[in-house]
Each structure stands twice: as structure tokens, then as C-alpha cells.
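Hi,

Here is the structure I promised to pass on.

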Amino acid sequence: MDFFTFLFLTTLSGVVLLLILIFFSDGDLTLMFKEKIGTRLSSAKGKVYWVVGASSGIGKELSFQLAAHGAKLVISARRETELKTVKAGCLAIGKNAGLVDSDVLILPFDVTNVGSHQHYFDLVIRHFGTLDVLINNSGRSQKAEFQNIKLKVDKELFKTNVFGLLNLSRIVLPHFLAKSRGHIVITSSCAGKFGAPLSSSYNATKHALHGYFETARSELAPKGISITMICPGMVHTDILTACATENPGEQLGGKIGEDEKRMKTERCAKLCAVAIVNKLDEAWISLNPVLFFLYVSQYAPSLGRAFLSRYGVQAAIKTRGKREAGTNPSSLLLQVFTKYESKMELTSLLIYIGIFVTLFLLAILFSDGDLTVMISEKFGKRLSSVKGQVFWIVGASSGIGEYLAYELVANGAKVVLSGRRESELQKVKAQCLIIGKKSGISEADVLLLPVDVTKLELHQQYFDAVLKHFGKLDVLVNNAGRSQRAEWMNIDIRVDKDLFEGNVFGLLNLSRTVIPHFLEQKRGQIAITSSVCGKVGGRHPAVLHIMHRSMLYMYGYFETLRAEMSSQGISVTMLCPGPVFSDLLSACATDTYGQKLGGAMTKKDRRMSTERCARLCAVAIVNHLDEAWISINPVLLSLYVSQYAPSLFRSFNSRFGARVAMTLRDSRTDLVNSCKQERQEVKSD
């Protein structure tokens, strides 16, 4: 056997073994490894853990796990009666570990009451003198179709699942920083990794948690603060009791059946504890096939989205435990191996693979978009296919929205231009008429419609005006949004809520407004201008904080919408531009409520031209791509690394921090202070 044959067989064996391990595991492979030979749970002895959401489910069982190994506990939730039961259980279980009554503090409170957080944290410090680990486990689930959900339900879930946990984490952070160590744990969900149908608001909140705390990790890791994201799948809990629906104040009720294929709460809590004591960045905890689908969605995202769009989650659930003979991973790979062995030399195959990988990397390095976008630009549908179609561009007064309008009218599309600045829209319309003249665009083909996307009550009126003028709408382009520059721990919670009003809730409500029209005509497309920030929280830490979170929110919502609506003719395209030249800094938010950063980009910044970005956005839209990455390198390459080698990317981000990430696009490494200085100079003049 020559060297290349040996290398190929070794690689193939590794892949087969990896697939077998995944299929027979109930957690990701790193977690399984740590359970066997990692830090023992006994290391929790004497440490103080604050478990928020400890009255039932995972939080309750996790408290028992920690108590059994001698950890001191603060257990919090709204239901004091249940907390007393949990405390009794903790004391009984922890008796052999030396736990006494004073080692378990009951602290009932409502996490949505952010004004009380400092008071309750002071009580923790007064009782124990310290806090080692904060476990943010509270939350509420949901069952509802995307287009039927009332916006008030979205806001209620955000308030419980995100803003409360976020504010509490910021409250405890100064204590952790003062002693140069601390640990924040977030109970997210598998729903925070992909858009499962029929729970879009819940999915969005979990996506947002990843955005917030991935950024927190990149900022805080050098200061001794650890962040662990727990992603459980389907677990036996009483989560349906208070499960939200599409109507405000309504609860689904009901219980999970004992015969349902879900992980036992005790086992889930055990693996959560393993992840916590080993300070893992992220842990996936689930039975198969959900665990396997998590790997697919991470490492083959296009395949994962295609499966969800076509079959939905119910099909995945039905496949659990029904593996037919001959369809296991090892047999499938053995068939592939046999096929290749009989048709070609293994050494030749290995050479071809090496050539392919080399060409693949070279293609990425010399591209300004992901390879699917690049191929679509060369061989996909031509932009001329938009001729006669009606596009509504929200956020068209400048930047990407402005130049996207120019691309569309140049190819004969009819456009609705919306934004808050009417004078700027007038200029864009005038330019559209000049550019679109050769394509037959007339005055009536460009409708100027000034809107404030945050005025939700006017959205139906705006849409009616579009239909009155054109009689139809083919594509809604949600491009409005506002950026931010601020450090994670310094941001006023009102800034979070304010940016979500514009970047998330406004675009979400407008999308729900147009969906009935799309369903009626059995076709339609919604394009969302997200960001590379929407792919990985913390990509540019300390400078795009809430924008990261709002973009991840959008992923949670619109990945779910695609899974629910693709079979009814509605497509969703997520546009993920990287650093682009625009005027977004002028209205850029800071950490202070009501404040604008001001300032402008410089020619030395490493950014893509707006024209080129808009061109690739148009390519992605006309080709109905699910997702498009649009950026120059090295940001584009870092996107591939974060997608296919997430642990490596998180390690790099945590180690080198914000300043290295900033140099990927800005010529000024301290942009926030530079803009502050510019504002002071203007005032003095």
C-alpha cells in the first residue's frame, strides 16, 4: 500500500468513525469527550452559582446536579413555592457533599423587571460575599405561524428571553471584572442554530442570545470572563404550560407526552453541568436526528436549509429511530469507497481532491462574494429578468439601498423608494430616471414613498399606496437599519430596545403586512439586508454590538419564514454584506441613549465600493439565493472559517480581541474615540 492510499483510507476511516460517534451520541463530540476525561463535576464544590429559572425543567435539575457536588446555590424564578421544593431537593441531594441550609439561597424575582436586578444581585453578594457563575436559564417557548404572530407577542418574548438576561448579565459583570474571573452561562436552544418552523419569535430570541454573548466572549475573554452557550434540543419539561402563541397574553397549555421522543431532563442537566465546569464555549445537547441535523446545518448549511424548506422539522422528528438496514453512515461510505476503488486509482482521486481544495481556497481569496454568488453572477439568471417586476426598497435614500435601486432600474424594474429623508429620496428618484431611460423607465415607474419603518401603525397604509400605484408587489427589500459603536458592558438597555425597534420590529411587521398579498398571488420574495455580523456575533467586537444582535434576530425570524413559506411560493434571501462605504456612521448609535456617534469613513478604510455590493445584492435577489455573503477579503475568508471551523474562529476572536478585528476594515483602530474627538472639534469651532 502506497502512502496516498494509506492517507485516503485513514481519512475515510476517520469520517466513518466521526459519523458513527455522532449517531450514537446525545451531545456534540467535544462535550462527550469532556464528560469522559474533562474537568470533574466535583470541581464545582464551594463555588457560588446563581441559577435563574430554577423552579422547573433544566434549571431545577441543573441545581440538583450542582448541589450533589457541593456547589453553593442561589435559585431564582417567579414561583416561590416551586423554589422552596427545589431547595429541599438540593439540600437532600447535597447532604453527602456537606451542603447546609445557608448554602442554598431562595431569591424569587421576575427577570423582566430590569429595575430590580441590582437589588437582587446585592442580596446575593450580601449572603455569599461573592458570585462565581451566573446561569441565565429563564425563558419562554412559542408555537405559532410566522405571518399570524402579533408584534406584541414578539416584544413580550424579547423582554423575557433576551433583555432581562442581558441586563442581569451586565449587572454582575463589574463584580466579575473586579476579581478578574467569572462565568456567564446562557441556556439557548438548538433553535438558536437554525430556523425551525412554527416558532419564529422564539427562534429569533435564541439567535439574538448567540449574537449578544458571542460578542461578550470576544470582548471579555482577555479579562478572565468565560461565556458558555448551552443549546439543548427537545427535552422533557413543562415548557408547553406557559408556551406563547400568536396572540398576546395567550398560553398554549398542555403537557409533553411521556411517549414523545425527547431527552430526559436529568441527562440534559448532567451534560449542561459538564459543559459549565469545563467552560466550553458552546455545547449541543440533543438526541438524534436533531443532533445530526445540527452538524448538517453548521457544516452544510445550504443542504440544511433545503431540507427544512422542503420537509420541515416534523419530517426530521419522524426519522428518529427509523434507520433502515443498509442506510447507516458506514455502509453508505463503504459503497462510495467501493465505487471509486473499482473505477480509478486512489492516488489519482486524492490528487484530484487536493487540486479541488487548492482551487477552492484560491477562488475564495480572489472573490468578493461567496462562491454561489460568484457562480450565479457568471452563469445564473441575468439582471434583465427583473424587467417589469415591482421592487419595494425600504432604506433607499443612501448606501446599498440607493445603489440597488440604480441596478434594478438599469435593467427595467419598477421601484418603490422608501426612507425617512424625502429630500434624499428625490435625488435618488431623479438618478433612477436618468439611469433607467434606456430600459424604458418612466416617471410612473418610480414611486417615491417616504416612510418611518418604526411607525408600525402606518405600514398597511404604506403598502396600500404601493398596490394602488402598481397593482402588485413582487419583491420587498428590507434594507433599513442603524449601526452602533459601543462596548458590550457599557450599553444602556434602552439603546438595545431602541435599535431593535428600527432594525427588527419595523422590518418584521412590514414583512407580515405584505405576506397575505404574496400568498394570494402564490409568489413573492422578501430580501433582508443583514450583515456579516449576522453570521457570527463578535466578528467585530466592541464596535457593532447591537447591530450583531439585531442581525441575528433577523436570521431567527426569516430562516423560520423560509421553512414555513417556501412550499407556498414565497422565497427569502438573506444578504450579508461586509464592510461597505456608506454614511452609516452619521446616525450610528453609541452606548448612551439618544446619542449619535457622527463622523465619516475615510478613503483608507478597507471597504467594498457601494456600487459593487449593490450589484452582487441584485444578483442574489434575481437568482433567489437563500443567503449571500458579500465582502472583500480577509473578511470573506473569516466568514468561511467561522462557518466551517467555528471553534478555531472563536478561539482567535477571544485571544486577539477587538483591535485586530477592527483592522480588517477601519483605518482608525479606535474609531469611537476618533469620532468623539471630531464631535468636540466641531463644537469648539
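A contact here means heavy atoms within 4.5 Å. Helices (H or I, at least four residues) and strands (E, at least two) are DSSP runs numbered from the N terminus. Keep in mind that this is a predicted model, where local features need pLDDT of at least 70, side-chain atom pairs count only at pLDDT 80 or more, and totals for chains, interfaces and linings use all residues. Residues are numbered from 1 along each chain as its sequence is written, and side-chain values use heavy atoms, with hydrogens and water left out.

Helix α2 (residues 29-37) first. Leu31, Met32 and Glu35 are its buried residues (under 20% relative accessible area, 1.4 Å probe, protein chains only). They fall within an arc of 100° seen down the axis of α2, so they line one face of the helix; the arc is taken from the directions from the helix axis to the C-beta atoms. Among the elements covering them are α8 (265-277) and β7 (282-285).

Now strand β14 (residues 627-630). Glu627 and Trp629 are buried on one side, Ala628 and Ile630 on the other. β14 pairs with β13 (residues 570-577) in the parallel sense over four bridges (pairing takes at least two DSSP bridges), and Trp629 is the bridge partner of Cys576.

On confidence: the mean pLDDT (the predictor's confidence in each residue, from 0 to 100) is 84 for the protein. It is lowest in helix α11 (residues 329-343), with a mean of 40, and highest in strand β1 (residues 48-52), at 98. Residues 319-344 have pLDDT below 50, yet the stretch has 31 contacts beyond near neighbours in sequence.

Cheers

Notes: Buried means under 20% relative accessible area, exposed over 50%, partly exposed in between (1.4 Å probe, protein chains only).
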